[in-house]
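Welcome, and please have your viewer ready. We will go from stop to stop, selecting a few residues each time and looking at what is there.

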Amino acid sequence: MTAGANVTFTVAATGTPTPTYQWRKNGANLSGATSASLMLTNVGIADAGSYDAIATNAAGSATSTAATLIVQTLPAITTQPQSQTVVAGSNVTFTVTATGHAGTHLPVA
């Protein structure tokens, strides 16, 4: 997923009584994330991780398979190459610096 996008995870569970949900990121409960869908808006690198949901009712609980969110950022040139004047036949080196993030890959448990 590209940084700045919106992401929605959805889970479904059945049972009697109807289950309640708790979403987790990297095994930690997400505050207020208690519906069948989890929407993340304007994702950034900090949102990358492993997401799952726990469905619970009076009979017990079940945990979904984890889904991994990988967030990529667009590259940006932070240092531009500088013009140079050299004698014909000489070597010249141009330097450029770029930033960007190819993504965070996390193992799925």
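The tour starts with the whole chain and then visits its strands, loops and side chains.

**Before you click**

This is a predicted model, in which local features need pLDDT of at least 70 and side-chain atom pairs count only at pLDDT 80 or more, while totals for chains, interfaces and linings use all residues. Residues are numbered from 1 along each chain as its sequence is written, and side-chain values use heavy atoms, with hydrogens and water left out.

**Stop 1: the whole chain**

Show the chain as a cartoon. You will find 9 strands and 0 helices, so named because helices (H or I, at least four residues) and strands (E, at least two) are DSSP runs, numbered from the N terminus. Along the sequence the pattern reads β-β-β-β-β-β-β-β-β.

Now turn the view around. The C-alpha atoms fill a box of roughly 85 × 25 × 20 Å along the principal axes. The radius of gyration is 23 Å, whereas a compact globule of 109 residues would have one near 13 Å. That radius is taken over C-alpha atoms, and the globule rule is 2.2 Å times the number of residues to the power 0.38.

The accessible surface comes to about 7,200 Å², with 55% of it belonging to carbon and sulfur atoms. These areas come from the Shrake-Rupley method with a 1.4 Å probe, and for residues only the protein chains shown count as cover. Of the 109 residues, 23% count as buried. Buried means under 20% relative accessible area, exposed over 50%, and partly exposed in between (1.4 Å probe, protein chains only).

**Stop 2: strands E1 and E4**

Select residues 7-10, which are strand E1, together with E4; the two run antiparallel and are joined by 4 bridges. Two strands pair if DSSP finds at least two bridges between them. Which residue of E4 is the bridge partner of Val7? Look for Leu40.

Stay with E4, residues 37-40, and show its side chains.

**Stop 3**

Select Thr16 and Pro17, which are joined by a cis peptide bond with omega of about -5°. Pro17 sits in the loop between E1 and strand E2 (20-25).

Move on to Asn26, in the loop between E2 and strand E3 (28-29). Its phi is near 50°, a positive value in a residue other than glycine. Asn26 is partly exposed, with a relative accessible area of 48%.

Then pick Asn42, found in the loop between E4 and strand E5 (49-57). Here too phi is positive, near 50°, and the residue is not glycine. Is Asn42 buried or exposed? With a relative accessible area of 55%, Asn42 is exposed.

**Stop 4: Ala33**

Select Ala33 in the loop between E3 and E4. Ala33 counts as buried because its relative accessible area is 9%. Leaving aside neighbours within four places in sequence, Ala33 is in contact (heavy atoms within 4.5 Å) with Tyr21, Gln22, Trp23 and Leu38.

**Stop 5: a salt bridge**

A search of the whole structure finds 1 salt bridge, meaning a side-chain nitrogen of Lys or Arg within 4 Å of a carboxyl oxygen of Asp or Glu. Select Asp52 and Arg24 to see this pair, whose closest N and O atoms are 2.7 Å apart. The pair links distant parts of the chain, with Asp52 in strand E5 and Arg24 in strand E2, 28 residues apart. Both Asp52 and Arg24 are buried. Side chains of opposite charge can pair when their charged atoms come close.

**Stop 6: the E5–E6 hairpin**

Follow E5 onward to strand E6 (residues 60-63). A hairpin joins the two strands through 2 residues. E5 and E6 run antiparallel, with 4 bridges between them, and Thr56 stands opposite Ser61 in E6.

**Stop 7: a nonpolar patch**

Finish by selecting Val86, Val92 and Phe94, which form a nonpolar patch on the surface with about 260 Å² of accessible area together. Patches are made of residues with over 30% relative accessible area and no salt bridge: like charges are joined within 9 Å, nonpolar side chains (Val, Leu, Ile, Met, Phe, Trp, Tyr) within 5 Å. Val92 lies in the loop between strand E8 (73-79) and strand E9 (97-101). At 36% relative accessibility, Val92 counts as partly exposed.
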